[in-house]
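This briefing goes through one protein model, topic by topic. Keep the sequence and the 3D view open while reading.

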Amino acid sequence: MIGLGIDTGGTCTDAVIYDLAQNTVLASAKTPTTKEDLKTGIRNVLDRLPQDLLNSCQTLALSTTLATNACVEGKWGNGKLILIGLDRNTFESSWHKYGIPASDDIYLLVCRLTPSPDNCAEPDWDAFRKDMKEFVRGCDCVSIVQLFAREYHGQHEQHAADIVREITDIPVILGHHLFPDRNILRRGTGALLNARLIPVIYEFLRAVRRVLEEFRLDLPLLIMRSDGHLMSSDYTALHPVETLLCGPAASTMGALSMTGAKRAVVVDMGGTTTDISIIRNGQPLRIEGGIQIAKWKTFVKGLYVDTFALGGDTEVLFDSSGKVSLGTQRILPLAMLSAAYPSVKNQLMELDKYDSPYPVPVHEFFLLLKEPDPDAGLSDIEYRICGALKNGPLRRENLASAISRDIYTMKTERLEQAGYILRSGLTPTDIMHIRGDFAEYDRSASMLGAEFMARSLTLTVDELCETVYTLVQKRLYCNLVRILLDTEYSLFQGNTPSEQIRQLIEKSFESARKGERNSFSAGFFSDAVLIGIGAPVHLFLEPVARMLHTRAVIPEHASVANAVGAVVGNVSASVTAQIRPDPVSAENFRVITQETSAVFTDYDESIAYARELIEKAAEELLIQKGGKPPFSTSFSQNKQEAPVDGSMLFLAEYITVTKTGKAF
């Protein structure tokens, strides 16, 4: 079978045509992602593939960073959350710990719910119905989460959903269908994110389908999940929160497929960020609990991924003291800007007049991405900035002159953050052009920008280039050491390294880079191979691997590994049952699943019943997610006990069955 894989990232859209029987890439392509119209980027990447091979594709798998970017940037739909059974004092004292905004988007339906459904009080459903008419107005989606959802089998969620559906036809998602876990606020966080992401994923899927129609491709469509497995487009449409961090998950699965590594660190360097994942015993490391993205703590199951600001488009900064540094923001490389706007080069040539160090980055440009609406709430100066950029990008000094301001008081940060304008300047991508390591765009523009910065720092261009490459290696090395400490030693797990540890890591980098061996020096060693993914990573990973006394592997198709990872994935579904002492008679055992509960006098009978029930439920869920036979099955059990008076008291046992099937 021939499969098509597409990855829509923050910077580039990648595609591969893959022979699933031979595990071979037949063709690949890469184009810039067009955030303003995703169809354009997807159409462009398909245009670059051999059309005869494209027409032979029988299925399509996708990965995307759109959900992750939406969480980080706060650009999503108008989703709302209903919490049932949580009192207001508890909510107000704890919501901030999970990233939930205390806003009008949260409705608390107060009622008394206990772990025993026989001892509860019903909500005021009439008042709820009345309130919903205003609450759901203008809303894109509503998620509903109740306290003790497992014990009640989500019955209050279902009743509330029925009422909401009487009022509106927007999607309504039940929390116990998203997450089986206990903590209502963490479940609520993921459920609210899910509601807000539904319009985002809808637009993405619609863009993909429209492009497929243009190419006359009728393909079944699956999307990568955060845990490295795939799910159907219909399932994704209602569960978009499960695509969080699916881009790094796809790169991890692609690295595994292309290398077969048993112990490795996957380093995926893109234009904006570098994502790190871990492979142990031939399997990706998974996180305990759930994914945290920005401030949002969720129960979304996923692979361990650590992300930091480092990519080909990371800004190169300098200060008046003569220090070069890497920032954390993504900007447009000068080479790319000049290739699209030839007038940029003439403005860069104006920098020749600066023959001594200059404290302001006058080599930077601003480009208009979209015009603000009259009611966007911008200041007069901000509207004038956008107006001055309508005819093309302007260098900082020229823009200030166009709006009659000086370069020191012209503020552009709000416009950049809101996505109205984009800043352009010197980046590692420009340095790659100067050194001949990359030659896609306008090298002369990169050189003009670098010459200005070098003069300002009293360096040669070669010295500046070497400094930037060293800074990229340093950020990569220091973060790899931090991540390996976090994943290998419980002492460091989940904690930011202290200032002393941070300085020790930086000292070890300098010693390793220079090959110094003093009478006493610190060093870090790893036997995990470093697998490089992403277009620029090969330039920096090999020296960093040597510093860690290991080796780097750059697969043949490393630049499109995310697309490979998507198309080689399978489909998986897990269902968990809880067995605990029955509240009515502690000598009996109650089996609780998402949809039902039953009481047994014999423990072994309760175990057998639970396994049979959830195995069937897992297979049904697997089919719903798009899985195809043959299916494989695995079980896991986790018994919880507590010491009481010299013996162990049985608290509960959790049984999980996982079904895995083919995607295509």
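How many bridges join strand β20 to strand β22, and do the two run parallel or antiparallel? Strand β20 (residues 365-368) and strand β22 (residues 421-425) are joined by four bridges and run antiparallel. The model is predicted.

- β20 and β22 belong to an open sheet of four strands, ordered β19-β22-β20-β21, with mixed pairing.
- β19 (332-333) and β21 (394-395) are the edge strands of this sheet, and each of them pairs on one side only.

- Strand β3 (residues 24-32) pairs with β2 in the antiparallel sense, over eight bridges.

**T13, a residue of β2**

- T13 is found in strand β2, which covers residues 12-19.
- T13 counts as buried because its relative accessibility is 1%, and the cut-off for buried is under 20%.
- The side chains of T13 and T33 make a polar contact at 2.9 Å.
- Leaving out residues up to four places away in sequence, T13 touches I6, D7, T8, A29, K30, T31, P32, T33, G41, I42 and V45.

**Helix α7**

- Helix α7 takes in residues 155-167, which makes 13 residues.
- From first C-alpha to last, α7 reaches 19 Å, close to the 18 Å expected at 1.5 Å a residue.
- The buried residues in α7 include H156, E157, A160, A161, I163 and V164.
- These residues lie on the same side of α7, because they cover an arc of only 160° around the axis.

**Helix α11**

- Helix α11 (residues 246-259) has 14 residues, and its reach of 20 Å is close to the expected 20 Å.
- The buried residues are C246, G247, P248, A249, A250, S251, T252, M253, G254, A255 and L256.
- Just after α11 comes G260, with a positive phi of about 65°.

**Helix α18**

- Helix α18 (residues 443-456) has 14 residues and reaches 20 Å from its first C-alpha to its last.
- In α18, 10 of the 14 residues are buried, and the helix is mostly covered.
- Among the buried residues of α18 are A445, M447, L448, F452 and M453.
- What do the buried residues of α18 pack against? They pack against β17 (314-318), α12 (334-340), α13 (343-349), α17 (428-435) and α19 (461-488).
- T458 follows α18 and has a positive phi, near 50°.

**Nonpolar cores**

- In soluble globular proteins, nonpolar side chains tend to be buried together.
- The largest nonpolar core here has 124 residues, and those touching the most other members are L4, L46, I82, L83, F128 and L244.
- Helix α9 (residues 184-214) supplies the largest share of this core, 16 residues.
- Another core lies apart from it and has 80 residues, among them L310, I421, A445 and L457.
- With residues up to four places away in sequence left out, the contacts of L4 include V16, I17, L46, L49, L219 and V567.

**A566 and V110: buried or exposed?**

- A566 is found in helix α22 (residues 561-567).
- A566 is buried, because its relative accessible area is 0%.
- A566 and S63 are 503 residues apart in sequence, yet their C-alpha atoms are 6.0 Å apart in space.
- Beyond its neighbours within four places in sequence, A566 is in contact with A61, L62, S63, M224, L230 and A250.
- V110 lies in the loop between β6 (106-109) and α5 (125-135).
- V110 is exposed, because its relative accessible area is 51% and the cut-off for exposed is over 50%.
- V110 touches L86 and P123, not counting residues up to four places away in sequence.
- V110 and V657 are 547 residues apart in sequence and 34 Å apart in space, C-alpha to C-alpha.

Methods: Residues are numbered from 1 along each chain as its sequence is written. This is a predicted model: local features need pLDDT of at least 70, side-chain atom pairs count only at pLDDT 80 or more; totals for chains, interfaces and linings use all residues. Side-chain values use heavy atoms; hydrogens and water are left out. The expected span of a helix is 1.5 Å times one less than its number of residues. Buried means under 20% relative accessible area, exposed over 50%, partly exposed in between (1.4 Å probe, protein chains only). The arc is that of the directions from the helix axis to the C-beta atoms. Contact means heavy atoms within 4.5 Å. Two strands pair if DSSP finds at least two bridges between them. A nonpolar core is a set of buried Ala, Val, Leu, Ile, Met, Phe, Trp, Tyr and Cys residues joined through side-chain atoms within 4.5 Å. A polar contact is a pair of N or O atoms within 3.5 Å; within protein, one must be able to donate a hydrogen and the other to accept it, and residues adjacent in sequence count only if both atoms are side-chain atoms.
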